[in-house]
Amino acid sequence: LGERKNGTKSEMKQDTIALLTDFGYDSPFTGIMKGVIAKINPSAKIADLNNGIVQGDIFAAGFELSISEEYFDKTVFVCVVDPTVGSKRKIIIAESEKNLFLAPDNGLLSFVAERKRLNFFEVTAEKYFLTGRRTTFDGRDVFAPVAAHLSKGIHPESFGKKIEKIETIKIPETKKIGKKIRCSVLYIDRFGNCWTNLKKGNFVPQKAVSKKVEILKFSADYTVRDEDIMLFNSFGFLEFAVGQGNFARRHKIKRGDIFEVEIE
């Protein structure tokens, strides 16, 4: 983001504002946020990362943010999955080497913070909020205007003091037990594919077993029709799927379900 002569970060315009919300596609809330942004910075490019997060699902929002942000440069990610809106929870800006993240301090940034060195700032400068802030729509009154000002190049330290700690949520870890690795389902995508926390390595899974299903076939893709398979997906996570089908629905899989994976 550039350096000032005194060693602090310099101002730099962000090219894009990316929205990640649980507002859905059948309400005006995301559109209103875009209207607020456009009034403050008409030249801002706005990307819809995902406005269909399940209501209040902080974990899923944080995971989607973590697998997406590396494909953006000079972007303000505006993350409004905020079940306790109107409470005393903080609103924070996180600064990485190339992007900014604006989110409630409720654990949503946990996945990104685990992977990257971030600077954190608490948003308190009300002069950047909409006049007449209410209590139930901080997406409109705080997040959208702050994001717009950030995109114009105003540095995060202008919005509030630097803080050292943020709220985090527990991210499950894998455990190696002999020739097995115990992993858990982190994320279920809209196709019913179940992503685990086991990342690609120097091994080939031989079998995966849970209380609900046993998977014996490892595949490179989804072309095996109507058969349970394991594969490493395009993000490097071990995934359980059904060729041309929905694995989660077929086997009633939920996030957090445990699998033991036999490896060579």
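Predicted model: local features only at pLDDT ≥ 70, side-chain atom pairs only at ≥ 80, totals over all residues.

Residues are numbered from 1 along each chain as its sequence is written, and side-chain values use heavy atoms, with hydrogens and water left out.

A pocket here is an open set of points on a 1 Å grid over the protein atoms alone, where a 1.4 Å probe fits, with protein on both sides within 12 Å along at least five of seven lines; lining residues have an atom within 4 Å of a point.

The largest pocket holds about 370 Å³ of space, a volume being the space filled by probe spheres set on the points. Of its 15 lining residues, V54, E64, Y187, I188 and D189 lie nearest the centre. Strand β9 (180-188) and helix α2 (58-68) each supply at least two lining residues, and β9 gives the most, with three. Helices (H or I, at least four residues) and strands (E, at least two) are DSSP runs.

The second largest pocket holds about 320 Å³. It is lined by 17 residues, with F63, S66, R115, K199 and F237 nearest its centre. Here α2, α3 (110-115) and β10 (194-199) each supply at least two.

How is α2 itself placed, buried or exposed? Eleven of its eleven residues are buried, so α2 is largely enclosed by the rest of the structure. Buried means under 20% relative accessible area (1.4 Å probe, protein chains only). Among those buried residues are E64, F63 and S66.

Note on methods: Buried < 20%, exposed > 50% of the residue type's maximum accessible area, 1.4 Å probe, protein only.
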